[in-house]
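Please open the model in a viewer and keep the selection panel at hand.

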Amino acid sequence: FVVIGVGGSNNAARTVAEALDLPGGMKIVWAGNTLSPHAMNRMLARLEGRSVVIDCIAKNFETLEPGASFRVLRRYLCDRYGREEAARRILCTGTPGSPLEKLCAEQGYTFLPFPEPIGGRFTALSPVHLVPMAAAGADVAALCRGAEEMAAALRSLPAAQNPALRYAVLRHLLWQKGYRAELLSCFEPRMKGLFSWWEQLFAESEGKDGVGLLPVTGEFSEQLHSLGQFIQDGSHFLFETFLQIKEQQASLSLHPDGVQDGFGYLDDKDFEDLNRAAFSATRTAHSATLPCLTLTIDRVDEKNLGGLFYFFQFACYLSASLLGVNPFDQPGVEAYKGWMFRALGKPGA
């Protein structure tokens, strides 16, 4: 299942596919997020010997990366299966009335609607992402239930107990105190996809009119041996938000093997114990030099990921509103496109 999309058109689905163990789903291949010929050829090589379906996700079908990739993959399917069978294997997700919908009608491709009033970064709980999540084998009903439960809580809890409001207000207070970047950190590598989604959500929603916190991420414990130095002793313009996961959902014990390696103090401890100790020690050390917040979820599954998507989207809306900017537009993203289209000779550019 090849997902053609860039940024908000693939980040949420990629978060779920990479965070969960989904043995029953289709193999997901990501395309349309680069203009590198090397990366494109590597992606095409991964399709050989497999039955291929593609989902082209493009809100207005004007962005170069997915447009160029869709052309390459359409031709690939036609050469391999013939035009009629290729059409059965092509799904497109776009804005009703857009050139992409017209193309689907002409060529016989299946078309799904892209929510019209918002950018892709706010579409984690729409067909834009739910379809590839389902293809990957995720329980999208559980994901939506998690989002619905989070929505109900955030719309009913009093202000002092509302985690999204508290998070947004703390971000704004730290902005007012001169902090200019937020570091989201986690000790679970499975959440790497979420980092990309979170970075885009806040950067594209808040970074305008000369304001906004720069969202950056820390993949711990690996980056403690690089980024950790700057956090501890560098210029203090950032604060840190830890994403804590209560349940590790895995176990691996360090049994002694008779070799005197200097790590005997780890005998019969579990890697979960090591990871928790690293988290606790890091939070203690970093909080001595910069403000630290902690967000906690029970475990990494569809329900909690759905709740996390809704939580961050709602908090981002609140945070941008406190800054006085529109969280739903992205005028700065268009700047480079004009120069690129002129360089490539696009008519009217």
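The stops below concern a residue, a cavity and a pocket.

The model is predicted, so to speak of local features requires pLDDT of at least 70 and side-chain atom pairs count only at pLDDT 80 or more, while totals for chains, interfaces and linings use all residues. Residues are numbered from 1 along each chain as its sequence is written, and side-chain values use heavy atoms, with hydrogens and water left out.

Select Asp 55 in strand S3, residues 54–57 (strands are DSSP runs of E of at least two residues, helices runs of H or I of at least four, numbered from the N terminus). Asp 55 is buried (under 20% relative accessible area with a 1.4 Å probe, protein chains only). Asp 55 has no salt bridge, and Arg 74, the nearest side chain of opposite charge, is 12 Å away (a salt bridge places a side-chain nitrogen of Lys or Arg within 4 Å of a carboxyl oxygen of Asp or Glu).

Move to the largest cavity, of about 30 Å³, by selecting its lining: Phe 230, Ile 231, Ser 235, His 236, Phe 237, Leu 238 and Leu 290. On a 1 Å grid over the protein atoms alone, a cavity is a set of points where a 1.4 Å probe fits but cannot get out; a pocket is an open set with protein on both sides within 12 Å along at least five of seven lines; lining residues have an atom within 4 Å of a point.

Finally, select Met 150, Thr 296, Ile 297, Asn 304 and Phe 311, which lie nearest the centre of the second largest pocket among its 15 lining residues. H12 gives the largest share of this lining, five residues.

Technical notes: Buried < 20%, exposed > 50% of the residue type's maximum accessible area, 1.4 Å probe, protein only. Lys, Arg positive; Asp, Glu negative; His and termini not counted. Points joined across faces, edges and corners; volume = space filled by probe spheres on them.
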